[in-house]
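The following note is intended for a colleague who is meeting this structure for the first time.

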Amino acid sequence: MFEPTAAAYYRGVYPLEAMERRGHEIVWPHDDSGDPKLDELEACDAVFVFRRSEDHLRRSLKRLSERGVAIVWDTDDDLSAIPKHSPTYKNVGALKGQRRFADTVRMARTADVMTTTTDTIRAKYERNGVTNIAVIENCLNRRSWRRSQRHSGIVIGWIAGVEHTEDLVQLRLRDVLANVVSAHPNVRVESVGVDIGLPERYTRQPVAHFDDLPKHMARYDIGLAPLCDILFNNARSNIKLKEYAASGVAWLASPRKPYQGFGEKHGGLLVEDCDWEQAIERLVRDKKLRKKLGRNGKAWALSQTIDAAADQWEQVFETAVKRATLARSAAV
């Protein structure tokens, strides 16, 4: 069961496809609701749930658990930490975010195993009494990779949801990119999701299907992954760097918790808050460095596929089934 979002591919679709390739039988949802029929789930050894935490669903899963079905629940964001200026704050932040987080804690306690993307998220749930949490990073699906497309000039790209508007504002990236574009007639900027709002040589795709993102990335020469210093960003995944690297795109990223420890051998450079214009200028002027970083990134990305993480996911499901079996035996 999962919400039909881009993140659901990394946290649900790709891991379950990897399990299917290993010979496990997967019962997939029949429609866009993300719900298979409950009578089908009763015959499963384990049920995987991504993000969802509604009361009616938790009650249904509890009944399945009582019948010996293992529950694995996953989340990949800290929605309770969305900043006030975020466009999504009104809908999922503030008190709604706190209430939703409380719902997710109840769901996580119902599960036999909780999975997540970062130690930051794990620590928050552990502080709220959740145990048996496994951290598994988001990984790539090689089928979605695209070779770089030849084009004139230099394309600077940023793929990010509208919640990254906070990063745009705090790091003054609109001014930074406007200066770079003004100084270099051969440079243009593209974004998917977030609206940079540049006056010239700028193209924005407001919404793109997840499967189309590699097509956009294949046009980039430089990929941006900026994160300002806010609590919400500490819980983010590092998948953006993996995506750029897999497409051979030299990336620039903020040295926040998700990206700490990454650098040239992973295909890019870390940039302090005040150095974005200087860092972009450096890559715009240095084609040789861009190519080197692109090659490094592609080599690193080969080790970041979902099949490389399949052992971890398989262990999660095996652990969940063992816990469910022991719990039912104790109840009898």
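Predicted model: local features only at pLDDT ≥ 70, side-chain atom pairs only at ≥ 80, totals over all residues.

**Note on helix packing, the sheet and selected residues**

1. Helix 11 (residues 239-246) and helix 13 (residues 287-301) have axes that come within 7 Å and cross at roughly 115 degrees. Helix 11 is therefore roughly perpendicular to helix 13. The crossing of these two helices is left-handed. On the side of helix 11 the contact is made by Leu241, Lys242, Ala245 and Ala246, and on the side of helix 13 by Gly294, Gly297, Lys298, Trp300 and Ala301. Sorted by class, this contact of helix 11 with helix 13 has 5 nonpolar, 2 polar and 2 charged residues.

2. For orientation, the protein contains 14 helices and 10 strands. Of its 332 residues, 52% are buried. Among contacts between residues at least 6 apart in sequence, 68% join residues that are at least 24 apart.

3. A second pair of helices deserves attention. The axes of helix 8 (residues 173-183) and helix 12 (residues 276-285) come within 9 Å, crossing at roughly 35 degrees, and this crossing is right-handed. Helix 8 contributes Leu173, Val176, Leu177, Asn179, Val180 and Ala183 to the contact, while helix 12 contributes Trp276, Glu277, Ile280, Glu281 and Val284. By class, the contact of helix 8 with helix 12 has 8 nonpolar, 1 polar and 2 charged residues.

4. Six strands form an open sheet in the order 7-6-5-8-9-10, with parallel pairing. Strand 7 (202-205) and strand 10 (268-270) are at the edges; each has a single partner strand, so one side of each is left without a neighbour in the sheet. From one strand to the next the twist averages 20 degrees. In general, strands of a sheet pair through backbone hydrogen bonds, in either a parallel or an antiparallel manner.

5. Individual pairings can be followed through the sheet. Strand 6 (residues 187-193) and strand 7 run parallel and are joined by 4 bridges; Val189 stands opposite Tyr202 in strand 7. Strand 5 and strand 6 pair in the parallel sense over 7 bridges, with Ile154 opposite Val187 in strand 6. Strand 5 also pairs with strand 8 in the parallel sense, over 2 bridges, and there the bridge partner of Ile156 is Ile222.

6. How many residues of strand 5 are buried? The count is 7 of the 7, so strand 5 is largely enclosed by the rest of the structure. In a regular strand, side chains alternate between the two faces of the sheet. Both faces of strand 5 are covered: Ile154, Ile156, Trp158 and Ala160 are buried on one side, and Val155, Gly157 and Ile159 are buried on the other.

7. Helix 11 lies across strand 5 (154-160), strand 8 (222-225) and strand 9 (250-253), and runs at about 175 degrees to strand 8. Helix 13 packs on the sheet as well, touching strand 5, strand 8, strand 9 and strand 10, and its direction makes about 100 degrees with that of strand 10.

8. Is Tyr244 buried or exposed? Its relative accessibility is 0%, so Tyr244 counts as buried. Leaving aside residues up to four places away in sequence, Tyr244 touches Gly157, Trp158, Ile159, Met217, Tyr220, Gly223, Leu224, Ala225, Val249 and Trp251. The C-alpha atoms of Tyr244 and Gly268 are separated by 9.2 Å, and the two residues are 24 apart along the chain.

9. Finally, two backbone values may be checked. Arg51 has a positive phi of about 70 degrees, although it is not a glycine. Arg51 lies in the loop between strand 1 (46-50) and helix 3 (55-66) and is buried, with a relative accessible area of 16%. Asn132, likewise a residue other than glycine, has a positive phi near 55 degrees. Asn132 is found in the loop between helix 6 (119-127) and strand 4 (133-135). With a relative accessible area of 29%, Asn132 is partly exposed.

Notes: Residues numbered from 1 in each chain as written. Heavy atoms only, no water. Axes fitted to C-alpha atoms, helices over the stretch in contact; angles between N-to-C directions. Parallel < 35°, antiparallel > 145°, perpendicular 65-115°, else oblique. Left-handed = near helix turned anticlockwise from the far one by under 90°. Contact = heavy atoms within 4.5 Å. Nonpolar A, V, L, I, M, F, W, Y, C, P; charged D, E, K, R; others polar. Buried < 20%, exposed > 50% of the residue type's maximum accessible area, 1.4 Å probe, protein only. Pairing = 2+ DSSP bridges.
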